[in-house]
Amino acid sequence: AARSSLPAFNGSGATSDGHHVPLLANVGSGKDARAAAEAGAEGIGLLRTEFCFLGRDTEPTIEEQVAAYGAVFEAFPGRKVVIRTLDAGADKPLPFLTDATEPNPALGVRGFRTDRTSPGVLARQLEAIAAAAGAHTADVWVMAPMISTAEEAADFAVMCAGAGLGMPGVMVEVPAAAIMSEAVLSRVRFASLGTNDLTQYTMASDRQLGSLASLNDPWQPAVLQLISATVAGAARATALEPASGARTVGVCGEAAADPALAVVLAGMGVNTLSMTPRALSGVGAVLESVTLEQAKELASRALAAHTAAEARTIVRSRLPILEQLG
Ligand code: PEP
Ligand code: MG
């Protein structure tokens, strides 16, 4: 086997009784994508496209974007690659798109909202994604960040259809979208929970402030409730309109890289987990140590907890394999 600097995860994410939970990678470049493939990721659950836009003061051309996205798709032939459209603003400012004088950038024009203030950038990005997808065999899904309403989800689906992209989805990282998951998911095909921002906005605590780390904790009961509500809403959206296929819900925030929380997420009915490649082997091992029934039991115990510490302690104490992982 090829030597790798990352611990290898070989096979596919599953509980001990064979419930498949694909373990995907979060990547931000073609180089990252090749490393993720080498680490055994089953696909990409979050391609952050900011890499193509950062550190420059003009929009990259469509040709530049096609080459950048193509380098990622190329690393996962025939596999699922979820690409996120540009998430400029707040912690990812871009000189030609974001207004540096906004008083509250995290609550400002960021993510999908930049399509209102700088129309055209997103449409050109979708055109580039479609062109790159057409030149590769990867199964390309496209999602928009910072979606807050069903109308925004519908608008994004229309833009994707216009570009010839058949798998539109949204990130659920704003509490409003989690609460309204059924309505949001009746407009698109899938959701991916961005637990970093979902936690920040639920707890009203800046994700960049280390001093607020105990609030910025995805084990917080309010965050767990919103994740569970998102999954339930997705199931209702599927039941209302089964002809458009099951609405899947993934997690692509840091929560998916915490092996104990990953088991809870799988038990809640989350379909895929996407994480930094170095977390794949640990999450895979802990997932494999439980049955689906046990994962569901841990999820209901976590959801019944009143504090983050209680949820974490209850779940961790029931996963003895964590001690071996260190
Ligand atoms: C998130 O918010 O959880 C997420 C995955 O996106 P980012 O960290 O890029 O905002
Ligand atoms: Mg986010």
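Modeller: Start with contact: two residues touch if their C-beta atoms, placed from the backbone, lie within 7 Å. The model is predicted, so local features need pLDDT of at least 70 and side-chain atom pairs pLDDT 80 or more, while totals for chains, interfaces and linings use all residues. Residues are numbered from 1 along each chain as its sequence is written, with chains lettered from A and ligands numbered from 1 in the order written.

Colleague: Which residues does A255 touch, leaving out those up to four places away in sequence?

Modeller: A255 touches T195, P218, L261 and L265. A255 sits in the loop between β7 (248-251) and α10 (259-268). Such elements are DSSP runs, numbered from the N terminus: helices are H or I, at least four residues, and strands are E, at least two.

Colleague: Is A255 buried or exposed?

Modeller: Count C-beta atoms within 10 Å of the residue's own, all placed from the backbone: 20 or more others is buried, 12 or fewer is exposed, and in between is partly exposed. A255 has 26, so A255 is buried. From A255 to R48 is 207 residues in sequence and 17 Å in space, C-alpha to C-alpha.

Colleague: What surrounds ligand 1?

Modeller: A residue is near a molecule if its C-beta atom, placed from the backbone, lies within 6 Å of it. Around ligand 1 these are L46, R48, D87, E173, G194, T195, N196, D197, C252 and G253. Helix α8 gives the most, three residues. Both β2 (44-48) and α8 (195-203) supply at least two.

Colleague: How many residues of each class are in that shell?

Modeller: Ala, Val, Leu, Ile, Met, Phe, Trp, Tyr, Cys and Pro count as nonpolar, Asp, Glu, Lys and Arg as charged, and the others, Gly among them, as polar. The shell of ligand 1 has two nonpolar, four polar and four charged residues.

Colleague: At what angle do α4 and α5 pack?

Modeller: Axes are lines fitted to C-alpha atoms, for helices over the stretch in contact, and angles run from 0 to 180 degrees between N-to-C directions. Helix α4 and helix α5 (residues 150-163) pack at about 45°, with axes 9 Å apart. Under 35 degrees is roughly parallel, over 145 roughly antiparallel, 65 to 115 roughly perpendicular, and the rest oblique. So α4 and α5 are oblique to each other. L122, A123, L126, E127 and A130 of α4 meet M159, C160 and A163 of α5. That contact has seven nonpolar, no polar and one charged residues.
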